[in-house]
Amino acid sequence: MGCYDCCMRCLGGVPYCSLVATLLCFSGIALFCGCGHQALTETERIIETYFARNLQDYITLAYIIQYFQYVIYGLASFFFLYCIVLLAEGFYTTSAAKQTFGEFRSTMCGRCLSSSFIVMTYVLAVLWLLVFALSALPVYFFYNMDATCHTIDVLTETPASINQLCVDARQYGLLPWNAVPGKACGMTLSNVCKTREYQMTYNLYIAAFAGAGITLLALVHCSLHLAVYQLYLKMLRHKAKEERRGFDLYRRMQRDRGGTECSPYATNVFDIS
């Protein structure tokens, strides 16, 4: 076998669907966890600097942010290992790899393992849909804040009152109602929107939201790929049983007629247990 044929044989056994899903999952989790972690840190800094003066007003928020950062660490570790397992499952169960490197054989244990991965990936996709929805909340908050700042910048060119345009962090549950000042209004709010911390935090939340969407797409893609493979495997098993039944019938007919036993089918019929 030449080098070209060997390379084509190896490339033919690569589970490209599982590989794409793994790369999507890795990139999505990296965006969500990395950008989300830094965005939470910057959010605490903005709340501490512009919306609260007393430590007791935002101490609960600081604990919640720290808790979510630990959750992010756990999510990054879990999905890193889970993506590697899914890729290994793809290499193990891909029909192209089986047909290239040996006879196509499917055991009961292998089918149960694949079914378990389908169920687990589907459950993770449903749970991650909730994470995807929750990651849109800070993007919504900063979008409203950016729109208010844009309105203030427009009204500064006209003789109108801008002190009534405010963003109240207490309305979003970030601070208790007795927090002072708890909100930013007028030119103070406009100056907050022009800071580097605000712009970076807004962009980080958008990137984390995009990462959550990419991860959800990867989980759905992987679950669909595994489900389609199971359907394809079921069709192969049914085809093999029909061919085996036809061969048994042909053998009985040959035996009754006293002839030799010769199969009318190809000798490399897939063996599916």
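Trainee: Let me begin with Cys-166. Is Cys-166 buried, exposed or partly exposed, and why?

Mentor: This is a predicted model, so treat every value as computed. Cys-166 counts as partly exposed because its relative accessibility is 29%, and buried means under 20%. Cys-185 has a relative accessible area of 21%, so Cys-185 is partly exposed too.

Trainee: Which cysteine does Cys-166 form a disulfide with?

Mentor: A disulfide is a covalent bond between the sulfur atoms of two cysteines. Here Cys-166 forms one with Cys-185, and their sulfur atoms are 1.9 Å apart. The link is right-handed, with 110 degrees about the S-S bond. Cys-166 sits in strand 1 (residues 166–168) and Cys-185 in strand 2 (residues 183–185), so the bond ties together parts 19 residues apart in sequence.

Trainee: How many disulfides are there in the whole structure?

Mentor: Two. The other joins Cys-149 to Cys-193, S to S 1.7 Å. That link is right-handed, with 50 degrees about the S-S bond. Cys-149 lies in helix 6 and Cys-193 in helix 7 (residues 186–193), so this pair ties together parts 44 residues apart in sequence. Both Cys-149 and Cys-193 are buried.

Trainee: What is the pairing, with the bonded cysteines numbered in sequence order?

Mentor: It is 1-4, 2-3. Cys-35 is in no disulfide; the nearest cysteine sulfur belongs to Cys-33, 9.8 Å away. Cys-35 is buried, at 15% relative accessible area. Cys-222 is in no disulfide either; its nearest cysteine sulfur, that of Cys-83, is 8.2 Å away. Cys-222 is buried at 5%.

Trainee: Now the spaces. How many cavities of 30 Å³ or more does the structure hold?

Mentor: Rolling a probe the size of a water molecule over the atoms shows where empty space is left. This structure holds two such cavities. Helix 2 gives the most, four.

Trainee: Which classes of residue line the largest cavity?

Mentor: Eight are nonpolar, two polar and none charged.

Trainee: And what lines the second largest cavity?

Mentor: Thr-43, Ile-46, Ile-47, Phe-51, Phe-141, Phe-142 and Met-145. Helix 2 and helix 6 (136–155) each supply at least two of the lining residues. The largest share, four residues, comes from helix 2. By class, six are nonpolar, one is polar and none is charged.

How values were computed. Residues are numbered from 1 along each chain as its sequence is written. This is a predicted model: local features need pLDDT of at least 70, side-chain atom pairs count only at pLDDT 80 or more; totals for chains, interfaces and linings use all residues. Side-chain values use heavy atoms; hydrogens and water are left out. On a 1 Å grid over the protein atoms alone, a cavity is a set of points where a 1.4 Å probe fits but cannot get out, and a pocket is an open set with protein on both sides within 12 Å along at least five of seven lines; lining residues have an atom within 4 Å of a point. Grid points are joined across faces, edges and corners, and a volume is the space filled by probe spheres set on the points. Ala, Val, Leu, Ile, Met, Phe, Trp, Tyr, Cys and Pro count as nonpolar, Asp, Glu, Lys and Arg as charged, and the others, Gly among them, as polar. A disulfide is a pair of cysteine sulfur atoms within 2.5 Å. Buried means under 20% relative accessible area, exposed over 50%, partly exposed in between (1.4 Å probe, protein chains only).
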